[in-house]
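Biologist: Can we go through this model together? I have a few quick questions.

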Amino acid sequence: MSITFTFNGRNNEEFNILVKTSNHNDKPKRRIELVEIAGRTGNLIIDEGSFENLTVNVQCYLDGTKDRTIYQLVDEIQTWLFEPIGYKILEFNDGRRLNAVCTSGLELNDETRDTKTFTLTFSCFPAE
């Protein structure tokens, strides 16, 4: 099954984006602090009861078409990913839902004349 995702209310396929890989099913690290105390064996554990944001990397292909050039698509993708500012729902077709903000730029690498590769990076926490 191929990976698809919806972000900010729109699906990646609307922008001719195909997903190569994603780590969206990883789990975030627990937010704890280990404190070394003189004369004590083992560290004191201070557990905040929360988790760090998860960094989700989605490796993608961008496919130019007759109706839109690569550069037109890039402009549309930039608007989709970065406007409005703030967390938005990122949902994958396997059911994983996250609150996410896109933290990457769009660094395009050439595959062919009409195909580019890039990685989207999101900072996320689970959606309730």
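**Charged pairs**

Biologist: What is the relative accessible area of Glu 14?
Modeller: It is 35%, so Glu 14 counts as partly exposed. Buried means under 20% relative accessible area, exposed over 50%, and partly exposed is in between (1.4 Å probe, protein chains only). This is a predicted model: local features need pLDDT of at least 70 and side-chain atom pairs 80 or more, while totals for chains, interfaces and linings use all residues. Numbering runs from 1 along each chain as its sequence is written, and side-chain values use heavy atoms, without hydrogens and water.

Biologist: Which residue forms a salt bridge with Glu 14?
Modeller: Arg 10, with the closest N and O atoms 2.8 Å apart. Arg 10 is partly exposed too, at 36%. A salt bridge here is a side-chain nitrogen of Lys or Arg within 4 Å of a carboxyl oxygen of Asp or Glu.

Biologist: How many salt bridges by that rule?
Modeller: Six. Another one joins Glu 52 and Lys 29, at 4.0 Å. Glu 52 sits in the loop between β5 (44-51) and β6, and Lys 29 in the loop between β3 and β4 (30-35), so the pair ties together parts 23 residues apart in sequence. Strands (E, at least two residues) and helices (H or I, at least four) are DSSP runs, numbered from the N terminus.

Biologist: Is Lys 29 buried or exposed?
Modeller: Exposed, at 58%. Glu 52 is partly exposed, at 32%.

Biologist: And Arg 68, buried or exposed?
Modeller: Buried, at 17%. Its side chain meets Glu 76 in a salt bridge, 2.5 Å from N to O.

Biologist: Switching to the core. Which residues touch the most other members?
Modeller: Phe 5, Val 58, Leu 90 and Phe 122, in a largest nonpolar core of 25 residues. Six of those come from α1, the largest share. Such a core is a set of buried Ala, Val, Leu, Ile, Met, Phe, Trp, Tyr and Cys residues joined through side-chain atoms within 4.5 Å.

Biologist: What does Val 58 touch?
Modeller: Among others, Phe 5, Val 19, Phe 92, Phe 118 and Phe 122, not counting residues up to four places away in sequence. Contact means heavy atoms within 4.5 Å.

Biologist: How many residues of β10 are buried?
Modeller: Nine of its 12. β10 pairs with β6 in the antiparallel sense over 10 bridges; two strands pair if DSSP finds at least two bridges between them. Cys 60 has Phe 118 in β10 as its bridge partner.

Biologist: How many residues lie between β9 and β10?
Modeller: Two, and the strands form a hairpin. They pair in the antiparallel sense over three bridges, with Asn 109 opposite Thr 117.
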